[in-house]
There are 2 protein chains.
Amino acid sequence: MKAYKDMTKDELLSLKAALEEEYKIAEAKGLKLNMARGKPGFSQLALTMPMLDVINSQSDMRTMLGNDTRNYGDLDGIGECRRLMANILGVPKDNVIVCGNSSLNIMYDTVSRSMIHGVNGSTPWCKLDKVKFLCPVPGYDRHFKITETFGIEMINIPLYDDGPDMDMVEQYVNNDDSVKGIWCVPKYSNPTGISYSDEVVRRFANLKPAATDFRIYWDNAYAIHHLYKETQDNILNILSECEKAGNPDMVYMFTSTSKISFPGSGVSAIASSLKNVDFIESYMTVQTIGHDKINQLRHSRFFKDIDGLNAHMELHANLLRPKFEAVLTTLENELGGLEIGSWIKPRGGYFISFNALPGCAKAIVAKCKDLGVELTGAGATFPYGKDPEDSNIRIAPTFPSPEEMDEAAKIFVLCVKLVSVDKMLEGK
Amino acid sequence: MKAYKDMTKDELLSLKAALEEEYKIAEAKGLKLNMARGKPGFSQLALTMPMLDVINSQSDMRTMLGNDTRNYGDLDGIGECRRLMANILGVPKDNVIVCGNSSLNIMYDTVSRSMIHGVNGSTPWCKLDKVKFLCPVPGYDRHFKITETFGIEMINIPLYDDGPDMDMVEQYVNNDDSVKGIWCVPKYSNPTGISYSDEVVRRFANLKPAATDFRIYWDNAYAIHHLYKETQDNILNILSECEKAGNPDMVYMFTSTSKISFPGSGVSAIASSLKNVDFIESYMTVQTIGHDKINQLRHSRFFKDIDGLNAHMELHANLLRPKFEAVLTTLENELGGLEIGSWIKPRGGYFISFNALPGCAKAIVAKCKDLGVELTGAGATFPYGKDPEDSNIRIAPTFPSPEEMDEAAKIFVLCVKLVSVDKMLEGK
C-alpha cells in the first residue's frame, strides 16, 4: 500500500474516481446501521435474562442480615450488594454506597452537591468566580456534558497510551486552586480503550492539590469488561494508593452493572474514603429514603461474587470479540499503510477510537451518515463537542451484529479514504 | 368524663397517683413498639409479591411500542407506565415523566435544579439573597428537610380542615417575589389526613405570584390511598385548574407507588405543563440515560390501569382500617371529653395527627419512649423540627399489627393523660 501523502496529484485523482464508483454502489444499498452509542447487543441482553427468575413471589426477600428489602431502610445499600460492588472496584465494603440504576446520575449528583454545598465543608462552588475541571481527551461525552451544564470550565488534557499527560495534570492541579476535579475512565478508557499505567495511577495519588476540594472522578465503568482472557489489563487501586500517599479523601470511584446486567436496570455504586462516604450520606438521606433494594438483592443473588461476575463477563466477551475484530480487521486490511488514520486495538471496554487526518472527522461522519451508517457525532469526545483537530471518531461496535458491523466498517473505511483523498488534493 | 381543666387540684393529684400506678404496670411489660414512620406492614407487602412473577426470563421485554426495556432509551418512561402514573394523577400521559424509585428524589432534584439553573430561564436561586417556601403545618418532615438543606427560609402556614390558610398564602405569594414555592400534600395530608376543598384548589390555581418562578409543589402521595370505599375524598385537578386560570406552568405534581407496590422498589412520577416537562427533561438528559424501565414494565403489566390500582388499594385498605380504628377507638374511649387533646379521623393516607395541650408534645413522646413505644419525634411535622406550640404528634399506625397498635395506643393515651395532669397542676 502506498501512503496517500506519497501519491502524485494524478494518482490521487484516479484513486478518487475509483472510490466514487464504490460510493455509488454503497449508496444503492440503502443501509441503516448504527455505530453511535455504546449499547449492548440483543444477544448480550439475553445473557442476563435468568436474573429475572432469581426473585419471584416465593422468594425470601430478606438480606443476609435479615432486613426486608421490600420496605424502607438500608440507605447505603444492602450488605451483599455493597460487597458485590466493592468486589468490582477492589475496595472494602464499608467504603461503598450502592445507589440507583445509573452511575452517571451519581456523578451528576456529586457535582451538583459540590456546587451547592461544597465538598466536606468547603465553599460551595456556585459561590466561586471560577471552577475548572481537567478533561483527558478524547473522553466520554456525558462526563463533559455534566460539567458544561454546571458552567464549569473544561481544560483539555491529552490522553496517551498509558493515561493522561501527567506533567500537565500536576501543573494544573498543584498550582491552580480553581481546578476542582478531573474526569477519568482509567480502564479500557472511553473511547480509546487504553488503561492507566501504574506510574500514572501513582502520580495521581501523589498529587498535591492547590484546592482542598479537588477530587479525582474515577469512573471505572469497564472494570471487568475484558475482551480477551489472556490479555487482561489491571490497574492499581487508586483508593489505597491515595491513602498511602496521604491523600485519603482525594478520589471518588464510580461503577455500575449497566454493561454487566441491563443498561437502565442495573445497580450503580460510589466508593470513597469513610469521611467522604459520611459526607455524601448526610445529603443522600435528605434526597431519598433509599434506592431499589429488591434489584440489589436480585443482582447479589444472581452474580453471587466476583467469580460469578467474571464468568458472566466472559460470555459477554465471546459475543463482543467478533464485532470488535470485524472492525479492526477491516481497518487493518483497508487502511494499513495508507497513513490516513490511526487507531488502538482495545483489550476491553466498548469502543474503538479512530484518529483521522486533521480536519477530516466531521466530513467522514457526515459521509457515513449519507450512506446510512450512524456514528457518534465528530467532536463528541471533546469538551463542548469541539475537537480542535477535527480528527477523532468514536466507533461503538457492540450493538450491531458481527455481519452488520463488518458492513458498517467497510462503509467507514470507504468514507475515510474519500475524505482523505480530498484533503490531500487540497494541498496539491 | 370530666374535662381536666375543670378538675380541682385534689382531683388532679389523685388522678395522677392512679395514672402512675398504671404507668408502673405498663413499664413492667417492657414493650417495644414502633409508631414512628409511615411504613407499610408485612401483610401489605405480601399483597404485591405476585408482581415479582409478572416479569421473568421468558417475558417479552418490549413495550407496547416495541422498545426493548432492557436497553437504553425512553428517558421520560415507557408509554404504558406514563399512562399508569397519569391515571393516578388524573392528567394526560404526555404531561408525565416517570422517574426512579422515589418521588422525594424528584422533589429534591427539582429544588436542586432551581437552585443552580433557575426555573425555565429565571435567575438561579443560589444567586438570590433570599428564597422562601411556604410550609403548611403540620406537614411532612422530609419536605421541610429538603428546603432546609438548601438554605431556603421556611414560613409556617396553618393547615385547616379544608387546606392551608389561603388568605395567608395569597398574601405571601402575590406580594413577595422571594416566595418561590409551597409544599402541599393535597389529599389525605401527611399528617392530618385532610383533603383540600375545591375552593382551596381554585384559590391555589388563581394565585397571582409576584415571582415568575413560583411553583406549587403538589405531592399527591396518597392519591388513591382511601381507607373506606364509601367515603372517598376527591380533589380538583390542580393542573387543569391552573390552565383554566391562566397559570399553566405554576404546578409540579408528584406521586409514586411507594405505598402501592413496594417502598423503595416502586416507580415515581412528576407531572406538569408541557413547557415545564421540556425544561425538566433538558436537565434530566444530562443527569441520567434513563430510569429503570424493567421495573416500569413490571408495574404496568401487574396493575394494568386505574381499575387494577384501585382494586389493589382496596386490599391495602382492608388491612389498614383495623389499625387506624384501634387507635381512633382508644383515643375516643380514653380521651373523649377530657379536653386534653384533639384529632381528626382520617378517611385515607398513612397517619393520625394528634394535638396535645400546648407544651406537652415533647414530654408525651419522651414518656412513650420510656415505655417502649416509639413515635415520630415531636416537632418533626414543622419546619426546622420546631413546633411553636409543642403540641402536634404524628401517629403512624400502618407498620405494627392491629393488636400491637391497640397496645401502643393504650400506652399513648396513658402518657397523654400523665403529661396533661402535670401541665394542669402547674397552673394550680
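Let me start with the interface, where 43 residues of chain A are in contact with 42 residues of chain B, two residues being in contact if their C-beta atoms, placed from the backbone, lie within 7 Å. This is a predicted model, in which local features need pLDDT of at least 70 and side-chain atom pairs count only at pLDDT 80 or more, while totals for chains, interfaces and linings use all residues. Residues are numbered from 1 along each chain as its sequence is written, and chains are lettered from A, and ligands numbered from 1, in the order in which they are written.

Sorted by class, the side of chain A that touches chain B has 20 nonpolar, 16 polar and seven charged residues, where Ala, Val, Leu, Ile, Met, Phe, Trp, Tyr, Cys and Pro count as nonpolar, Asp, Glu, Lys and Arg as charged, and the others, Gly among them, as polar.

Next, the domains of chain A. The domain assignment gives domain 1 (4-44 + 310-426) and domain 2 (62-304), with bounds that come from an automatic or database domain assignment. Their centres, taken over C-alpha atoms, are separated by 31 Å, and 26 residues of domain 1 of chain A are in contact with 29 residues of domain 2 of chain A. On the domain 1 side of that contact, the elements giving two or more residues are α12 (306-335), β11 (352-356) and β13 (392-395) of chain A, and the largest share, eight residues, belongs to α12(A). That side is made up of 14 nonpolar, seven polar and five charged residues.

Turning to the sheets, chain A has an open sheet of eight strands in the order β2-β9-β8-β7-β6-β3-β4-β5, with mixed pairing, and two strands pair if DSSP finds at least two bridges between them. At the edges stand β2 (96-98) and β5 (163-164) of chain A, each with a single partner strand, so one side of each is left without a neighbour in the sheet. Within this sheet's order, β8 (residues 251-256) and β9 (residues 268-271) of chain A pair in the antiparallel sense over four bridges, and Phe254(A) has Ile270(A) of β9(A) as its bridge partner. α5(A) packs on the sheet, touching β7 (215-219), β8 and β9 of chain A, and its direction makes about 155° with that of β8(A); axes are lines fitted to C-alpha atoms, for helices over the stretch in contact, and angles run from 0 to 180 degrees between N-to-C directions.

The contact is made by Leu104(A), Met107(A), Tyr108(A) and Val111(A) of α5(A) together with Arg142(A), Ile146(A) and Thr147(A) of α6(A), which divide into five nonpolar, one polar and one charged.

There is also an open sheet of three strands in chain A, with the order β10-β11-β13 and antiparallel pairing. Here β10 (341-343) and β13 of chain A are at the edges, each with a single partner strand, so one side of each lacks a neighbour in the sheet. β11(A) and β13(A) pair in the antiparallel sense over four bridges, with Asn392(A) in β13(A) as the bridge partner of Asn355(A). α12(A) packs on the sheet, touching β10, β11 and β13 of chain A, and its direction makes about 20° with that of β11(A).

I will end with some backbone details. A cis peptide bond joins Val137(A) and Pro138(A), with omega about -5°, and Pro138(A) is in the loop between β3 (132-137) and α6 of chain A. In chain B, the peptide bond from Val137(B) to Pro138(B) is cis, with omega near 0°. Finally, Asn120(A), in the loop between α5 and β3 of chain A, has a positive phi of about 50° although it is not a glycine.
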